[in-house]
Amino acid sequence: IYGKTWQQLGLPPKMMKPFEAKLQMTLAAGQSIAEEISLATVSGFRDYEYILSPIHNPDCGVESVVYTARDITERKQAEEALRESEKNYRNLFEWAHDSIFITDSSTLHLLDVNEHAARRLGYTRKQLFHLPAEEISPPQDPEVRKAILDQLWQTGNVTFEHVHISKNGAQIPVEISSRVVEYDGQLAVQSFVRDISARKKAESALQERESFIQKLVQTTPYLIYIQDLIQQRYVYLNHKVKEYYGQTLEAIQAKGKTFLKEFVH
């Protein structure tokens, strides 16, 4: 290498011409220049960080240029891996089916929120950052809130039900799953918020149906028995059975399979 030009060494012009331009700038201006370059080596392409430093002669002209380089391949690979990881996390964050809130663990100020949360509540992300927490999440009973926070800090995660209030005032029942995380070098709480309106409607409909059936079987003039044929025991008797036989439900249930033999011809 010593005493030869890059052309004589057969180095690729695409890589060396920009370097040559930087070298001429250093010679002309007499100022140091720091850049990065990718070089083909026997081990494949390697990334380097280089500095061109002018050496001045007594007349203040540039006598020569010192070129120093440091191999930064591993650092560049780590930076690329980090960027890729952050990109993947951001994609998961933004395209998640749940709303995601990240809040400061001490001040409870919102640090980040995904687009899904903003759309569901009817705000922009920018608006959410300036809203007080109680605007979208009404205060809980102090004892309930304390129990939730105690579990969060004792175990690192907690799941509970609450309501959120959208911009138009509609109340949305939600299930919140929170966990303690580190975010930008500080302790934070990451909460996944799922709309459970459909589930709540289904539960309410089931309760209404069960209540209707219960009223129906208690007001009918018929005797209603439900018997477990495998265990040979009654699992349900309506109040008409009690009235008809003059026996308590517990007493009839205790008789098991002997009940019919004793009371029915």
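Two strands are taken to pair if DSSP finds at least two bridges between them; helices (H or I, at least four residues) and strands (E, at least two) are DSSP runs numbered from the N terminus. The structure is a predicted model, in which local features need pLDDT of at least 70 and side-chain atom pairs count only at pLDDT 80 or more, whereas totals for chains, interfaces and linings use all residues. Residues are numbered from 1 along each chain as its sequence is written, and side-chain values use heavy atoms, with hydrogens and water left out.

The chain contains eleven helices and ten strands. Its radius of gyration, taken over C-alpha atoms, is 38 Å, well over the 18 Å that the globule rule (2.2 Å times the number of residues to the power 0.38) gives for 265 residues, so the chain is more spread out than a compact globule. Along the principal axes, the C-alpha atoms fill a box of roughly 125 × 45 × 30 Å. Of the 265 residues, 26% count as buried, that is, under 20% relative accessible area, with exposed meaning over 50% and partly exposed in between (1.4 Å probe, protein chains only). The accessible surface, from the Shrake-Rupley method with a 1.4 Å probe, comes to about 18,400 Å², and 56% of this area belongs to carbon and sulfur atoms. Among contacts (heavy atoms within 4.5 Å) between residues at least 6 apart in sequence, 31% join residues at least 24 apart.

The chain averages a pLDDT of 86, and 99% of the residues score at least 70. Confidence is highest in strand β6 (residues 157-165), with a mean of 94, and lowest in helix α11 (residues 258-263), with a mean of 77.

An open sheet is formed by three strands in the order β1-β2-β3, with antiparallel pairing. Strands β1 (33-41) and β3 (62-71) are at the edges, each pairing on one side only. On average, neighbouring strands of this sheet are turned by 35 degrees against each other, direction ignored. Helix α2 (residues 13-29) packs on the sheet and touches β1, β2 and β3; the direction of α2 makes about 150 degrees with that of β1. For such angles, axes are lines fitted to C-alpha atoms, for helices over the stretch in contact, and values run from 0 to 180 degrees between N-to-C directions. Strands β1 and β2 (residues 44-56) are joined by nine bridges, and I33 has L52 of β2 as its bridge partner.

Strand β4 (residues 99-104) is mostly covered, with six of its six residues buried. In a regular strand, side chains alternate between the two faces of the sheet. In β4 both faces are covered: S99, F101 and T103 are buried on one side, and I100, I102 and D104 on the other. Six bridges pair β4 with strand β8 (residues 186-195) in the antiparallel sense, and the bridge partner of I102 in β8 is Q190. Three bridges link β4 to strand β5 (residues 110-113), also antiparallel, and F101 stands opposite V113 of β5. The β4-β5 hairpin has five residues between its strands, and L108 in the turn has a positive phi of about 65 degrees.

Residue L11 lies in the loop between α1 (6-9) and α2. L11 counts as partly exposed because its relative accessibility is 33%. Apart from neighbours within four places in sequence, L11 is in contact with W6 and M16. L11 and L249 are 238 residues apart in sequence and 98 Å apart in space, C-alpha to C-alpha.

Definitions and conventions:
pLDDT is the predictor's confidence in each residue, from 0 to 100.
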